[in-house]
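Dear colleague,

Here is the structure I said I would pass on. My notes follow below it.

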Amino acid sequence: MKLVIIAIFLASLTSMCGHERDLETEHKEVIHEEQTLALNGTERWQADEPTNRHITQLQGMLQEFKLQAENNSAEAYNDLGQAMKAEMQQLFKDCRMKGPAHDMLHVYLMPLVEDVNVLAEKDEHLSEQALARVSTRLKEYNTYFE
């Protein structure tokens, strides 16, 4: 049974990149064992140029959002969440990574997808918490990927 789950997981990961799909559907379709974000031995994982570009865009969106004093409303969080969702959908569409680096990228991305979806839901209290997690996760990218 475990081999079937692993096979489904790998097939899901392979099919996720390069296709435009809804992030919620994307997240629900990925069946995986709990994996921990980790380095490739002692090295960072090699990411492709489109992935790095989209992560940089997400980091820029967050930085810009934090600079705006009026961005503490449910609507502002929702706008950020919608913009980040669109950027992440483009990231999934443009991704061409394969193998273990690709698998680890999805370990990195799945919590980020969840929190971006929370930002897009217009719940101010939950969005504040999700924003903190998104910020932490985006800061971690350069620790694990190059």
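Tyr141 has a relative accessible area of 2% and is therefore buried (buried means under 20% relative accessible area, exposed over 50%, partly exposed in between; 1.4 Å probe, protein chains only). This is a predicted model, in which local features need pLDDT of at least 70 and side-chain atom pairs count only at pLDDT 80 or more, while totals for chains, interfaces and linings use all residues. Residues are numbered from 1 along each chain as its sequence is written, and side-chain values use heavy atoms, with hydrogens and water left out.

The search of the whole structure gave four aromatic pairs (rings of Phe, Tyr and Trp, the last by its six-membered ring, with centres within 6.5 Å; planes under 30 degrees apart count as stacked, over 60 as edge-to-face and the rest as tilted). One of them is edge-to-face, because the rings of Tyr108 and Phe145 have planes at 70°, with centres 5.7 Å apart. Tyr108 lies in helix α5 (residues 99-119) and Phe145 in the segment after α6, so this pair ties together parts 37 residues apart in sequence. Helices here are DSSP runs of H or I, at least four residues, numbered from the N terminus. Phe145 also pairs with Tyr141, stacked, at 5.1 Å centre to centre and 15° between the planes. Tyr108 is buried at 0% relative accessible area, and Phe145 is buried at 1%.

Arg137 sits in helix α6 (residues 124-144) and counts as buried at 15% relative accessibility. Leaving aside residues up to four places away in sequence, Arg137 touches Leu37, Val107, Tyr108, Pro111 and Leu112 (contact means heavy atoms within 4.5 Å).

Regards

Conventions. Helices (H or I, at least four residues) and strands (E, at least two) are DSSP runs, numbered from the N terminus.
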